[in-house]
Number of protein chains: 2
Amino acid sequence: MNNIFIIGVGLIGGSFALDIKKLYPTTTIYGIDKNEAHLDEAVKLGVIDEKATLKDVLNADFVILAIPVDATLKVLPDVLDYISDNTIVFDAGSTKEDICIKVKAHPKRRNYLAVHPIAGTEYSGPSAAIHGLYKNKTNIICEVEETAFKLQEKALKLFSELGMRIRYMNPKAHDKHIAYVSHLSHISSFMLGKTVIEKEKNDRDIFDMAGSGFESTVRLAKSSPAMWTPIFEQNKTNVIETLDEYITNLKHFKKLMEDDDFEGVYKEMETTNRLTDILNGIQ
Amino acid sequence: MNNIFIIGVGLIGGSFALDIKKLYPTTTIYGIDKNEAHLDEAVKLGVIDEKATLKDVLNADFVILAIPVDATLKVLPDVLDYISDNTIVFDAGSTKEDICIKVKAHPKRRNYLAVHPIAGTEYSGPSAAIHGLYKNKTNIICEVEETAFKLQEKALKLFSELGMRIRYMNPKAHDKHIAYVSHLSHISSFMLGKTVIEKEKNDRDIFDMAGSGFESTVRLAKSSPAMWTPIFEQNKTNVIETLDEYITNLKHFKKLMEDDDFEGVYKEMETTNRLTDILNGIQ
């Protein structure tokens, strides 16, 4: 592996850069980003070796796109235009259907692998990049059959070296399921944060009374609006469906309380407690 | 300090026991619990020194009630009946108005301090008890003026030794504010868990696709229904108000998406991002 191009040197791209550099110390890591300040910061932090532009990707071994999903729709076709036959390009976006449709007929479709690593933190930018972000994390690959076998192998080798486990899925199923376990969580967290902020005009009260439980529940409300807005836009139909069901469940819980049916309230919680078993499996 | 009685040897009571024993190694820690198995477990784990019954509290230095808030309403008056003039009793319940009303006219009211330590985890039972749970946590004290000054001093000394910071509040304000930063978070988390469980009939999908973000958001859905049901019951009016506002905010977010107003979606998230600053203050 001689060189790797990271497009978008934030949390996701930067964390790939750090771990790949550790695995392959002689590889040159090039960074591409429309935010020049981020590029400089990434060089300074040692996240990337050198700054580059899109046209430099011709002889890349790997190109990793880690930019907002609306930008990926625009940039990926250009990247595929520029690369050589031996380059493998993957993205890391949280929606997969639109991007797969977008490049379906591209002559270099077989150089692209549609990827969604289920990894991240609530922070963003080059300084958010960390070592080991992908270790023991699930990596969802969509439409694997559309990617050239030799290039699949190259990517799978890297994912394996990063410690990821692979799961294959079609883009439609991916977008539907991820709406439940990721996109909805972000909205519930943002709206919880909003509700509390609106009420507690005096921040001091939040500061004093909020414990670790609240903090955990609103952690995702720190996430980047620039990254999340296009995700909600691309996955609109699925996300609205999850929101409908979530709101229905909340209303039902409220109704139980209004009716003084606290046996019902107890049962609601007891049933959901089995998440414990499910989540223990995640760790 | 010669002896301390912990009523309810679970996460909250057990964690008090562990830290007090560390501060005062010669003190005898007695445990009282209607769950005999929990008592035996607490002795075995070294959380308490000895099992006891309510009637033994006569010569207690401290009595700490850490049981569900409905049980506190029943047990606290009995405890006050049994204690001596020098005993200080405090509870750790998440609602404060009902309990303060309940013991308002009790002849031993001045031996009781209404306390809510903002600390905990999603686990329960004696095995959930941990050292240092209360360090750097906020401890809300209600109606402090109703407690005998000498006994206040005794309790404050202990809280200070445990590393807690104190905030005084009236019971009504406590219950109103805590509904936002604690009770609502629990419901949002339980209902998020329910929504995902209902959809993903196949647990395997949740297991594979859920990341740390989801896990953080549904962490509180592991909480004990036995503890939380009476909290929601006692704080019904406030909790329903927070639920109304939360549901309204979620509906508004959905409406913005349905109207393709993604600039509006962006702004919703951007505004809430300032939670970051508020939460940074908590840590």
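So, to start: by what turn and what shift along the axis can chain B be laid on chain A? Keep in mind that we're looking at a predicted model here. The turn is 180°, the shift along the axis is 0.0 Å, and chain B then sits on chain A with an RMSD of 0.0 Å. That means the two copies are related as by a two-fold rotation axis. If you want to find that axis on the chain B side, go to Thr217(B): its C-alpha is the one in chain B nearest the axis, 2.2 Å from it.

Okay, the interface. Chain B puts in 78 residues, and chain A puts in 78 residues. On chain B, the elements that each supply at least two residues to the side touching chain A are strand S7, plus helices H6, H7, H8, H9, H10, H11 and H12. Which of them gives the largest share? That's H6(B), with 19 residues. By residue type, that side of chain B splits into 40 nonpolar, 20 polar and 18 charged. And 100% of the interface residues of chain B are also interface residues in chain A, so the copies meet through the same surface.

Let me zoom in on one helix pair across that contact. Helix H11 of chain A, residues 262-272, packs on helix H6 of chain B, residues 171-199, at an angle of about 60°, and the axes are 9 Å apart. At that angle, H11(A) counts as oblique to H6(B). The crossing of H11(A) and H6(B) is left-handed. Who meets whom? From H11(A) you've got Glu268(A), Met269(A) and Thr272(A), and they meet Phe190(B), Gly193(B), Lys194(B) and Ile197(B) of H6(B). The residues of this contact come out as 3 nonpolar, 2 polar and 2 charged.

Now over to the sheet in chain A. It's an open sheet of 8 strands with mixed pairing, and the order reads S3-S2-S1-S4-S5-S6-S7-S8. At the edges stand S3(A), residues 50-51, and S8(A), residues 165-169; each has a single partner strand, so one side of each is left without a neighbour in the sheet.

Last stop, helix H1 of chain A, residues 11-23. H1(A) lies across S1(A), S2(A) and S4(A), running at about 165° to S1(A).

That's it from me, happy to take questions.

Technical notes. Residues are numbered from 1 along each chain as its sequence is written. Chains are lettered from A and ligands numbered from 1 in the order in which they are written. This is a predicted model: local features need pLDDT of at least 70, side-chain atom pairs count only at pLDDT 80 or more; totals for chains, interfaces and linings use all residues. Axes are lines fitted to C-alpha atoms, for helices over the stretch in contact, and angles run from 0 to 180 degrees between N-to-C directions. Helices (H or I, at least four residues) and strands (E, at least two) are DSSP runs, numbered from the N terminus. Angles under 35 degrees count as roughly parallel, over 145 as roughly antiparallel, 65 to 115 as roughly perpendicular and the rest as oblique. A crossing is left-handed if the near helix is turned anticlockwise from the far one by less than a right angle, and right-handed if clockwise. Two residues are in contact if their C-beta atoms, placed from the backbone, lie within 7 Å. Ala, Val, Leu, Ile, Met, Phe, Trp, Tyr, Cys and Pro count as nonpolar, Asp, Glu, Lys and Arg as charged, and the others, Gly among them, as polar. Copies are superposed by least squares on the C-alpha atoms of residues with pLDDT of at least 70 in both. Two strands pair if DSSP finds at least two bridges between them.
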